[in-house]
Amino acid sequence: MTFNTDWQADNHALTTACGVISLIDWTQVQLTGKDRVTFLHNMCSNDIRRLEPGHSCEAFCTDVKGKILAHVLVMAAADRLQLLTVPGQAEHIIKHLDRYIIREDVQLADVAADHTWNYVVGPRAANVSVTADLVVKCDLLWPGGFLVRTANAASHSFEALPIVDTGSPAWTALRVESGWPLFGTDFDESHLPQEIDRNRQAISFTKGCYLGQETIARIDALGHVNKKLVLVKFAGAQLLSVGMKLTSGGQEVGAVTTSTWSPQFAGPTALAFVRRSSNDVGTKLQSAAGQAEVVPPLSAKDYRAKA
């Protein structure tokens, strides 16, 4: 693959037409066996039993105390489920899941050596034709699109679409604008699912029991967590540094985890953990880069409504 170095041109293609984000080296854990759906349903925060072939959902795998062990995309096919997440997580995820397989007919496998997932993104993504063994609808980024699994040994042109990898600022801008955090970058195993602010996308509060559910349900009953990952827009032009402190009334209330220059917000924008007293949408904050404001992430649903 050849990657374009003009990230703003790539971003324009991804948001107005179509482009490809290649998720090179991302973790891929496959579940097969007749009990795979029920087993994963009992091991993560989302409703896997309702996931139809050709569709995906987001989920947290948690420990018995409700702390996050993994943040995954779950893709469904007729004969398997596949978990996709950031690089370097396969051994950790397989070890965690395997310890809970007793008599269930479930097989776990790391299949990253055989395939690469590519995210075909943009308003024209549905018109793309590509040879692939699995295509899954996915709206995690606000322009919407499809996850396409291709064999590593094959050659793919994606109809000469612009292709970027996850090192590109075009990818960072889109995921920050969409409020999509990454495990190991924006949060880790010390955090609880509700602190990541992906309740609507990744947590079912009606599915019944699963590992870690008691803690997640208790937090839902209380109605809040003490800090939350939010999207923050900055008024100035200064690029932000990871770890930059955010303040309110002279008191430190948060810190930046990922920063970008956002074409959609026309300025510096960041994901940041912010305390409960200061993380509502519309809250004004201060920083070394000037005034900032908590804003809602962009979503594929809102984008389609305006189109």
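Two strands count as paired if DSSP finds at least two bridges between them. With that in mind, open the model, which is predicted.

Select strand 1, residues 19–23, together with strand 7, residues 115–121: the two run antiparallel and are joined by five bridges. Within this pair, Val20 of strand 1 has Val120 of strand 7 opposite.

Next, select helix 1, residues 7–16. This helix packs on the sheet and touches strand 1, strand 7 and strand 10. Its direction makes about 110 degrees with that of strand 1.

Five strands form an open sheet with mixed pairing, in the order 8-9-7-1-10. At the edges are strand 8 (134–137) and strand 10 (163–165), each of which pairs on one side only. Neighbouring strands are turned by 25 degrees against each other on average, direction ignored.

Go back to strand 1 and pick Ile21. Leaving aside neighbours within four places in sequence, its contacts include Leu14, Trp117, Tyr119, Leu141, Val164, Trp171 and Leu174.

From there, show the largest nonpolar core, which has 43 residues; Ile21, Tyr119 and Leu147 touch the most other members. Among the elements that give two or more residues to this core are helix 1, strand 1, strand 4 (68–76), strand 7, strand 11 (227–234) and strand 14 (267–275). Helix 4 supplies the largest share, five residues.

Last, select Val29, Leu40, Cys44 and Cys57. These belong to a second, separate core of 23 residues.

Definitions and conventions:
Residues numbered from 1 in each chain as written. Predicted model: local features only at pLDDT ≥ 70, side-chain atom pairs only at ≥ 80, totals over all residues. Heavy atoms only, no water. Helix = DSSP H or I, 4+ residues; strand = E, 2+ residues; numbered from the N terminus. Axes fitted to C-alpha atoms, helices over the stretch in contact; angles between N-to-C directions. Contact = heavy atoms within 4.5 Å. Core = buried A, V, L, I, M, F, W, Y, C linked by side-chain atoms within 4.5 Å. Buried < 20%, exposed > 50% of the residue type's maximum accessible area, 1.4 Å probe, protein only.
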